[in-house]
Amino acid sequence: MKTFKQIFLFLLPLQFLSASVFCQTKKIDYGNNPTAGKYYSVRGIKMYTEVYGGGRPLLMIHGNGGSMNAFRDNIPYFSKRYKVIAVDSRAQGKTVDNNDSLSFEMMADDFAALLDAMHIDSAYVIGWSDGGINALLLALRHPDKVIRLASTGANMTPDSGALIPPVWKDELKEYESDKNKPRTTLKEKNDWKIFMLDWLQPNVPLENLKGIKCPSLIICGDHDLITIEHTAGIYRNIPHAYLWVVPNSGHATLREHRDEFDNLVNNFFTKPFESFNE
């Protein structure tokens, strides 16, 4: 069985990395940059992307109700080392989807199709929150598409076993308060669809994650919205995985500890993966 001692064997050498600060001469409005933006026809929708940098492809997937702008603090670092593919997920940001159904499996298939449309065989993947779920399901459903993945703040079930109790209770309160409200505009319907995605999903047994073959870095904050126990369960069920519980961090690990996050994830992507003996 993997142990926390084994986890620290991976983390300790990275503690001594010097922090790097990337100074932009011109601020980029990620998600609203027409010079980098492009739509791709993907499974019945027009998926919006922006590409930055060059090198091996890196797909970045944002969380619920957000957009690629969630990675605004991280793209400058990674675009110096990778071809960053920032994307607005189905029904979010500039990627419009007026259908009445949405699932994480559907979204994972979207990302696989997007890579095909961009003529990219496989990519590194960083996912945050819902994007972390998408990263895991992309690797599970389309293993040939993912070289390595880093998933932060992901859950595999929508219940109080995965979410910390206050968050689950807040979602329950919102559901009970809003479930019978009339929704007439496209925005109202879309907002409810996005909320219901997290209220009802995902529903992935942890043991199914044994099907993920690529090296995976599983991350959460020490006071994340997702419990450490659930995150550790994700880690334990992936054959080739490391676990990083970020000290003094909430759900936004990649923002609250940007330099450490960027350096550590890049090292995970570029260093040989070490399998520990049980």
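Student: What makes the eight strands an open sheet with mixed pairing, and what is their order?

Tutor: Strands here are DSSP runs of E with at least two residues, helices are runs of H or I with at least four, and both are numbered from the N terminus. Two strands pair if DSSP finds at least two bridges between them, and in this predicted model the order is β1-β2-β4-β3-β5-β6-β7-β8. The edge strands, β1 (37–42) and β8 (241–246), each pair on one side only.

Student: How do you know that β3 and β5 pair?

Tutor: Four bridges join β3 (residues 57–61) to β5 (residues 123–128), while the definition asks for at least two, so the two strands count as paired. They run parallel, and Val125 in β5 is the bridge partner of Leu59.

Student: Why is a set of 45 residues called a nonpolar core?

Tutor: The name applies because a nonpolar core is a set of buried Ala, Val, Leu, Ile, Met, Phe, Trp, Tyr and Cys residues joined through side-chain atoms within 4.5 Å, where buried means under 20% relative accessible area (1.4 Å probe, protein chains only). In the largest such core, with 45 residues, Leu59 and Leu136 touch the most other members. Helix α3 (residues 104–117) gives the largest share, eight residues. A second, separate core of 31 residues includes Tyr77 and Val265.

Student: How are the residues numbered, and which limits apply to the model?

Tutor: Numbering starts from 1 along each chain as its sequence is written, and side-chain values use heavy atoms, leaving out hydrogens and water. Local features need pLDDT of at least 70, side-chain atom pairs count only at pLDDT 80 or more, and totals for chains, interfaces and linings use all residues.

Technical notes:
Buried < 20%, exposed > 50% of the residue type's maximum accessible area, 1.4 Å probe, protein only.
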